[in-house]
Structures are given as C-alpha cells and as structure tokens.
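Q: Could we go through this structure together? I would like to begin with how the chains meet.

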Amino acid sequence: MALQAIAFYLMAAVTIASAFGVVSARNPVHSVLFLILAFFSAAGLFVLLGAEFLAMLLVVVYVGAVAVLFLFVVMMLDVDFAALRQGFAQYMPLGGLVAGILAVEMIVVSSTVATNGAASANDAPAVATDISNAEAIGRVLYTDYIYFFQAAGLVLLVAMIGAIVLTLRHKPGVRRQNISDQVARGPKTGMRIVQIKPGEGISE
Amino acid sequence: MNFSADISLALPEVILAISALTLLVFGAFAPRQTNALMVASMAALAAAGYAAAVGPMGRGFAGGMIADNASAFAQVAIYAASALAIPLGMKWFERRDVRNFEFPILILLAALGMGMMVSAGDLISLYMGVELQSLALYVLAAMHRDNAKASEAGLKYFVLGALSSGLLLYGASLIYGFAGSTKFVDIAAAVHGAANTGVIFGLVFLICGLAFKVSAAPFHMWTPDVYEGAPTPVVAFFAAAPKLAAMVLFARVLTEGFGDVIWQWRQILVCISLFSIAVGAFGGLAQQNLKRLWAYSSIANVGYAVLGLASGTAEGVQAMLVFMVLYMVDVTGFFACLTALSRDGKPMETVADMAGLFKTRPAIALAMTAFSLSALGLPPFSGFWAKFYVFKAAIAVSDPVIQGAAIAGLVGSVVAAFYYLRLIKVMWFDNAEGGTDPIPGEARAIAIGAALFSFPVVLAALVYIDPLAKAAALALGQ
C-alpha cells in the first residue's frame, strides 16, 4: 500500500525531527511543544500498526496530561536550561561512543532475529480481527489481568502516600480556613468596643 | 480456575492490601493513635503470615501468581521480619518527635510487594511486585526529611532504583518479544532446547536489574550511601526482608523460566557472586561507620547466597534459602543494637564510638559480638551453618568453576574476618569514652532475641528450617 508507506515515512520523519527539536531547542517551552508533536506523530504510527486504543491513550494521557504538566513545571520553575546544557560539547564524544555501541548491539540482536527468526516454536498468538483493540483489552483487563491491574493501583497509591509524607508540612502561623469558626463569628467575637478618652489616643 | 479460588490463593496479599487501606483511613483521622496503628499493622502481618502458611497451593489469575511451598516459606519469613521492623521504627521516630503514622502503612505495602515478588508467575507480576516494594522503600529511606543525609539517601536510592527498573523492564520486553509470552512456564517452553540470542540478551538485563535489588556487585554502588543515610530502623528493615524476596524471585525466574539454559546464566551468577564477595570483603576494611561497614558485609553475604543459587541444584536453592533466613536474623539484630545505642542524644555509629561498650552495656555488646561472629561464619553461630549449607551445595556440583568459586568465597570470608574482629576488639578491650543513653525496651528485646537465635536457638530451629527450605527448593524446581 503506497498510501500507508507515505504516511509511515511522513510520521516517522516528523517524530525523529521533533525528538531532535526537544533536545536542541534553546527555549524550554519550545522543547515541550516539540515533545507534544513527537507524541502526536508516535500516536499516528500506532494507528498505522492497528493499535488504535494505544494511540488514543497516548494522545489523552501523554499529550493531554503529562505534557501539559511539563509545560506548567517549565514555566513555573526558574531553571536555567542554558547553564544545564553548557557541558554538552564536552560530553558529546563519550555520549556519542555509548550511543554508537548501543546502536551496534541493537543491530546485532535484530539481525539475529532476521536470520534465525524469533522464538522458534512459539509465535505470538494471532490477533482476532473481528474485535477492536479496546474490546480486546477490556476482555482481559478485569479478568485475567485483574491481579496486575490492582497491583498497579497499589503502586500509584504508594506514590501518592510518598508525595504527601515527604512534602506536606504543618507550619505554625499559617492562616488556614476553618469554616465552622468563620461562619460562627458574630459581632460579639469579632468586635471589641473601646472607650477612648478625648486627647489620649489608643494604644494596643 | 474461578475467581473465588484465585482470591483464596492470594489471601495473604488481600489481607495486607485491605488492612493497609483501612489503616490509612484510620490514620488520616486519628494520627495520634500510634500504638493502635502499631498493634493493628503487626496483627495484619501475623494474619497474612498465617494465611500464607496454611493457605491452599496452586496457580491463580491465569498463571500470574503461584502459591507453593517456596512462596509460603518466603512469605512467612518476610512478614515476620516486617512485623519486627514496625515497633523498632515507630518508637525510633517517636523519640525524635517525627510523627509519621504512614510508617507502618508503608511497611505493610512494602511487605505486600515482597509477597507478590515471591509468588510471581509472570514477568508483569514480577515487575509490579518489585516496583511496589521499592517505591515504598524509597519513601521510607527519606522519611526522616529534616535530616539532609536521609533525604540524600532517599534520592540516591530512588534514582538508581529507577535505573535498575529500566534495565529490568528492557530485559522483560526483550524476553516477551522473543519468547512470545510473559508467563514463566511459556518462556520455559520457548527456550526449551534451542535458546535464542534475543532471549539470552533479555535474560542478562533481567539479571542485572535483579542484582541491583539484592545489591550484588557490580550493582552495589547505592548500598553504602543509602545504609549510612537512611534512618537506622529502616535500614534494619530493608537489609533483611527485601533481600530475601529478591533472592527468591531470582531463583524462581531462573529455575522456572530458564531452567533449560542453566549453562547460560550460571557463569553470570558465578561472576556476580565472586565480585560481590571480593567487594564486600575488601571494601569493608577501610570503613569507620558501622552502617557502611554492614552495607559491605551485606554485599559479601549476598555474594554467598548467589553462589548457592549458581549451583543450580535443589540443594543450592535450599542453601540459598537457609542462608538468607539466618542472615536476616543477624542483620535485623545488629541494626536493632545500633538503633538502641546513642550517647548524649547522638546516635553511636562509628567503630570508635563502640570503645569499651562491654563495660557500659554488656548485654548489647555481647549481642553485637554474637552477630559479628555469626556474620564472620564462626561455629557454632548461625552464620556458620548458613555458609556451611552454601559451600556444601557448591562443592557437590561437579563443575570446577563452582567448586573454585566456593574456595574463593572461603578466602573472602577470611579477609572479611578482619573488620568483624576489629569491632569486637574495640568493644571488649578499649577504654570507654563515656556512658550511653538508656536503651529503649523494644530495641533491646529484638537485639537479645536475635542474639539468642544466632546461638543457641539456631541449632533447634535448623531442625525445622531445613525440611521447610528443602520443600521450598523442590517446589521451585518444578
């Protein structure tokens, strides 16, 4: 299918170009915007693979929530990204070497797959084509995968408890809202009548 | 298998999860009721341990979890160690006026994660268990947040732990891609006979990720810093139970998933084991801080446990289980002693601080002597029996590499003898610099109980531990 090939190369090129933009943009806000573009084109690649549920999830979760959160953090924190990037040229050769070794290793692994095939006797089970992605995930998520699903919920709970334990501080002297006190406040508790003699003024 | 049968298999986990959630709500409304929280969380752990010991066996949740002799054995030991950590930590935090009702809840959630690790039958439950356990431990390490060292320890543990999780996940994804399944039994079927390079590649990453969690060299870098910075009772907890959980998980993945390719992973484990023993023995020589010293000691001890696993036989796995359980008692007891000791409100943590301890605190000094001699492996203390099991299993394998590694391990424990004996000499024969603050009751009880276990109770306890560990090892082999 020529159309599919065109779509693939277009979206792959946009993904790689915007990923490069993320690390090379001078303005951190631009980096985050490039990141959103990278997520979006990756979602397009998922659609081409027939994983439309994953694509929607990527858009909703990563673009909708995570990237917007990034944007908030970048705008609110006073981080000098230019200073962070100063060692770039210095670490470039070593980083390039490591990246090169990783690339060679991945090529070696994928070429073994190409020649020997993946696991000889055990292919991944064929996808039933008459049901959609979302339906297929829905069928196992609360049945076969309920154990993992609940465990994932507990992991998130621990993260939440951890964030509260490590950051919540009850500082003395902070004026908090106390609704019942505030509503019950009347003229008797809120006012004090002071008699002032002429010519003396008032001292607290 | 229907759902209610699955739930009954996972009863220990269900008990822990429900009690953690209930206590969290209770604690949020009544954070001052620390004693009630302490008793309730210890009771939850006791109930979970009982459920694990007498519960039904089998595979549940489409092979996602396995309840067998091995998981029951490990779960009982883990829940017992976690239950001891709760009073030790809560009283310690109370003395420092840090009121954190979340401490027992995080211990419960960490214990739940460890329970999932030892009963994992699938790469997904493996990862979920590891992550639940480590996330709770990161928070515990940083819990004393006004202390800069504790915050540093928590952050360091978190960053390096995240890196190791990345390695673990990368390995798991490769294994899934090449074997076509995340279940250990299906992986075993896929690697049967012809092992694919991609699967082995993934296995190496998986081993690296797990080696991080047990702090085996060369993935040990976080251990000394984290042990030094984290609150002492928290160290007492995470030097013991999580190590056992990760070792059992190690054994389960390797024997159930990759039992047919033992010649592939045995050489990796022998290297990790020898390197850990060497790093632990030589790295400990220069340490002055006792928490760092015992961090190196734990690296060396994990090396011996991995050596037992590397022999690949049921005897080897049994030796590893016995070793880890006996070691857990030692390390909990030693850190309970450190929790107890302070001078003018400052914790006594260096070797020099221990000068003349025998004259001022004879009971604690005797207990610390027992733990040191046991970690050194001197008969008749428990550490000797632990090492005896490991070396016996290693010598029995007719492979010169394993036998050579066993001899190298013996040499390593002779080197490590220096720092244990130095500590004993300082405690017994140097002059005291001053008195110590009063010893808190719960730390004294745990320290003396553990010391009595390391000798003489161990001789009687081994009669029970030996057949249980053997049954557990046989269950792992299937």
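A: Two residues are in contact if their C-beta atoms, placed from the backbone, lie within 7 Å. This is a predicted model, in which local features need pLDDT of at least 70, side-chain atom pairs count only at pLDDT 80 or more, and totals for chains, interfaces and linings use all residues. Residues are numbered from 1 along each chain as its sequence is written, while chains are lettered from A and ligands numbered from 1 in the order in which they are written.

Q: How many residues does the contact take from chain B and from chain A?
A: Chain B gives 36 residues to the contact and chain A gives 25 residues. On the chain B side, at least two residues each come from α5 (102–118), α6 (123–141), α7 (148–179), α8 (184–191) and α9 (197–214). Helices here are DSSP runs (H or I, at least four residues; strands are E, at least two), numbered from the N terminus.

Q: Which helix supplies the largest share of the side of chain B that touches chain A?
A: The largest share is that of α6(B), with eight residues. By class, this side of chain B has 24 nonpolar, eight polar and four charged residues. Nonpolar covers Ala, Val, Leu, Ile, Met, Phe, Trp, Tyr, Cys and Pro, charged covers Asp, Glu, Lys and Arg, and the others, Gly among them, are polar.

Q: And chain A, how many helices and strands are there?
A: Chain A has nine helices and zero strands. Of its 204 residues, 11% are buried, where buried means 20 or more other C-beta atoms within 10 Å of the residue's own, exposed means 12 or fewer, and partly exposed lies in between, with C-beta atoms placed from the backbone. Among contacts in chain A between residues at least 6 apart in sequence, 52% join residues at least 24 apart.

Q: Which domains does the assignment give for chain A?
A: The assignment gives domain 1 (1–79) and domain 2 (132–164) in chain A; such bounds come from an automatic or database domain assignment. The C-alpha centres of these two domains of chain A are 25 Å apart.

Q: Turning to helix packing in chain B, at what angle do α14 and α19 cross?
A: The axes of α14 (residues 290–310) and α19 (residues 400–429) of chain B cross at roughly 165 degrees and come within 11 Å. α14(B) is therefore roughly antiparallel to α19(B). Axes are lines fitted to C-alpha atoms, for helices over the stretch in contact, and angles run from 0 to 180 degrees between N-to-C directions. Angles under 35 degrees count as roughly parallel, over 145 as roughly antiparallel, 65 to 115 as roughly perpendicular and the rest as oblique.

Q: Which residues make that contact?
A: From α14(B), they include B:Leu293, B:Ala300 and B:Tyr304, and from α19(B), they include B:Ile402, B:Gly409 and B:Tyr419. The contact of α14(B) with α19(B) has 10 nonpolar, three polar and no charged residues.

Q: How do α3 and α5 of chain B pack?
A: Helix α3 (residues 34–54) of chain B packs against α5(B) at about 10 degrees, with the axes 10 Å apart. The two helices, α3(B) and α5(B), are therefore roughly parallel to each other. Among the residues in this contact are B:Leu37 and B:Met38 of α3(B) and B:Ile107 and B:Leu108 of α5(B). Eight residues of the contact between α3(B) and α5(B) are nonpolar, one is polar and none is charged.

Q: Is B:Ala447 buried or exposed?
A: B:Ala447 is buried, because 29 other C-beta atoms lie within 10 Å. B:Ala447 is found in helix α20 (residues 441–477) of chain B. Not counting residues up to four places away in sequence, B:Ala447 touches several residues, including B:Gly333, B:Cys337 and B:Ile364.

Q: Which peptide bonds are cis?
A: The bond from B:Pro379 to B:Pro380 is cis, with omega near 5 degrees, and B:Pro380 sits in the loop between α17 (362–376) and α18 (382–396) of chain B. The bond from B:Phe455 to B:Pro456 is also cis, with omega near 10 degrees, and B:Pro456 is in helix α20 of chain B.

Q: What is phi for B:Asp97 and for B:Ser215?
A: Phi of B:Asp97 is near 60 degrees, a positive value in a residue other than glycine. B:Asp97 counts as exposed because it has 7 C-beta neighbours inside 10 Å. For B:Ser215, phi is near 55 degrees, again positive in a residue other than glycine. B:Ser215 is buried, with 26 other C-beta atoms within 10 Å.
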